[in-house]
Amino acid sequence: MLRTNQAFLSYFEELYHKQEGREEVVLKSFSRDEDILVQDQPLSKVMLIKEGIAKCYFTEENGKEYIVEFLGNGEILGEVELIKNISCLCGVKAISEVIVYETSISSFKSLIKNDLSLNHLLLDSFAERIINTSSRASYQQLYTVEHTVTQLMNMQSEQGIQISKEDMAAYLGITVRSLNRILKDLK
């Protein structure tokens, strides 16, 4: 439910502290509900979440959101768009205060060309996403929506965050009305 990547976070922390005044990697803060990336907009920076939680979501043509994942510490943003040279595939919005390490596209491209450890982290991240997508699909087939709602509520309390009903419904792929019925039945 909440994706994190400690190895990637450690890599960016080391990169940030080794810059020797070049400021190729900077810290940037986003307030709750602030857009970090906007779907279909050009990518301007590659980012990695240092602290906080964000939602990664698609907005469909009918205006409905589908939350792909909740992202936490160490999750990278914009690398797929950079590699494929495309606009942002999805939107990313802060659901708590979020602090990111931010680097320019040219700096990140240079790192990809010259740093084998970054390439290993990227490959691992891509493989992890494939595994998570497969696991989530099978999870949704094997467990009830009520079970997943319970898991979401547990994540909220563990992380000390509040996820709106709209976001919960968008993550589950159901309407807010259906979510309200489930929450009523769970009480």
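Biologist: Which residues lie nearest the centre of the largest pocket, and how many line it?
Modeller: The largest pocket has a lining of 29 residues, and those nearest its centre are Cys56, Val68, Glu69, Leu71 and Arg129. Please keep in mind that this is a predicted model, in which local features need pLDDT of at least 70 and side-chain atom pairs count only at pLDDT 80 or more, while totals for chains, interfaces and linings use all residues. Residues are numbered from 1 along each chain as its sequence is written, and side-chain values use heavy atoms, with hydrogens and water left out.

Biologist: What counts as a pocket here?
Modeller: On a 1 Å grid over the protein atoms alone, a pocket is an open set of points where a 1.4 Å probe fits, with protein on both sides within 12 Å along at least five of seven lines, and lining residues have an atom within 4 Å of a point.

Biologist: How much space lies in the largest pocket?
Modeller: About 680 Å³, where the volume is the space filled by probe spheres set on the grid points, which are joined across faces, edges and corners.

Biologist: Which elements give two or more residues to that lining?
Modeller: They are β5 (54–59), β6 (65–71), β7 (76–77), α2 (79–84) and α4 (116–142), and α4 gives the most, with nine residues. Helices (H or I, at least four residues) and strands (E, at least two) are DSSP runs, numbered from the N terminus.

Biologist: And what is the lining like by class?
Modeller: It has 14 nonpolar, six polar and nine charged residues, with Asp, Glu, Lys and Arg counted as charged, Ala, Val, Leu, Ile, Met, Phe, Trp, Tyr, Cys and Pro as nonpolar, and the others, Gly among them, as polar.

Biologist: Back to α4, how many residues does it have, and which of them are buried?
Modeller: α4 has 27 residues and reaches 39 Å from its first C-alpha to its last, close to the 39 Å expected at 1.5 Å a residue, the expected span being 1.5 Å times one less than the number of residues.

Biologist: Is Leu71 buried or exposed?
Modeller: Leu71, which lies in strand β6, counts as buried at 8% relative accessibility. Its C-alpha is separated by 6.0 Å from that of Lys55, 16 residues apart along the chain.

Biologist: Which side chain does Lys55 touch?
Modeller: The side chains of Lys55 and Asp167 are joined by a polar contact of 2.6 Å (a pair of N or O atoms within 3.5 Å; within protein, one must be able to donate a hydrogen and the other to accept it, and residues adjacent in sequence count only if both atoms are side-chain atoms). Asp167 is found in helix α6 (residues 165–172) and is buried, with a relative accessible area of 10%.

Biologist: New topic: what is the strand order in the open sheet of four strands?
Modeller: The order is β2-β9-β4-β7, with antiparallel pairing, and two strands pair if DSSP finds at least two bridges between them. β2 (25–30) and β7 stand at the edges with a single partner strand each, so one side of each is left without a neighbour in the sheet.

Biologist: What are the bridge partners of Leu48?
Modeller: In β9 the partner is Tyr101, and in β7 it is Ile76.

Conventions. Buried means under 20% relative accessible area, exposed over 50%, partly exposed in between (1.4 Å probe, protein chains only).
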